[in-house]
Amino acid sequence: MSDAKMETVIDDQVQSGGPQAQAARQVEELRADVDTIDAAIVTMLAERFRVTHRIGLLKAQAGFASADMRRESTQIAALRDKADDYGLDPDLAEAYLHLVADAAKRDHERLAGQTNSR
């Protein structure tokens, strides 16, 4: 076997009607579920960032720093525990939190810069 990554085009398998067509159809059905879940996650992320933007405005107006490391540490621990409860890799949950928290802090810093320049 070569180092090249192998690929199976599920659509081709479904169309082939061969012995693997049933498994390919099941993969397609599950992928539809994944697509629905991904859309819901994006919807929830948009709502999360609407809320954190409001937090950023309040922080900027009050002169608070964009970061609150105690809060972030508490959230990391809570999400790691929640992930573990659901059988999800806690490192993935922590990576998610870092991704969204860093984006929120960048927004907060931008808002603070706008407030300070007025």
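**Note on the predicted model**

1. Lysine 59 lies in helix H2. Helices here are DSSP runs of H or I of at least four residues, and strands are runs of E of at least two, numbered from the N terminus. This is a predicted model: local features need pLDDT of at least 70, side-chain atom pairs count only at pLDDT 80 or more, and totals for chains, interfaces and linings use all residues. Residues are numbered from 1 along each chain as its sequence is written, and side-chain values use heavy atoms, with hydrogens and water left out.

2. Lysine 59 is buried yet has no salt bridge. Buried means under 20% relative accessible area, exposed over 50%, partly exposed in between (1.4 Å probe, protein chains only). A salt bridge needs a side-chain nitrogen of Lys or Arg within 4 Å of a carboxyl oxygen of Asp or Glu. For lysine 59, the nearest side chain of opposite charge is aspartate 68, 5.9 Å away. Lys and Arg count as positive, Asp and Glu as negative; His and the chain ends are not counted.

3. Leaving aside residues up to four places away in sequence, lysine 59 touches Phe64, Ala65, Ser66 and His108. Contact means heavy atoms within 4.5 Å.

4. Alanine 65 sits in the loop between helix H2 (21-62) and helix H3 (69-85). Alanine 65 is exposed, at 54% relative accessible area.

5. The protein has four helices and zero strands. Its C-alpha trace spans about 65 × 30 × 30 Å along the principal axes. Buried residues make up 19% of the 118 residues.
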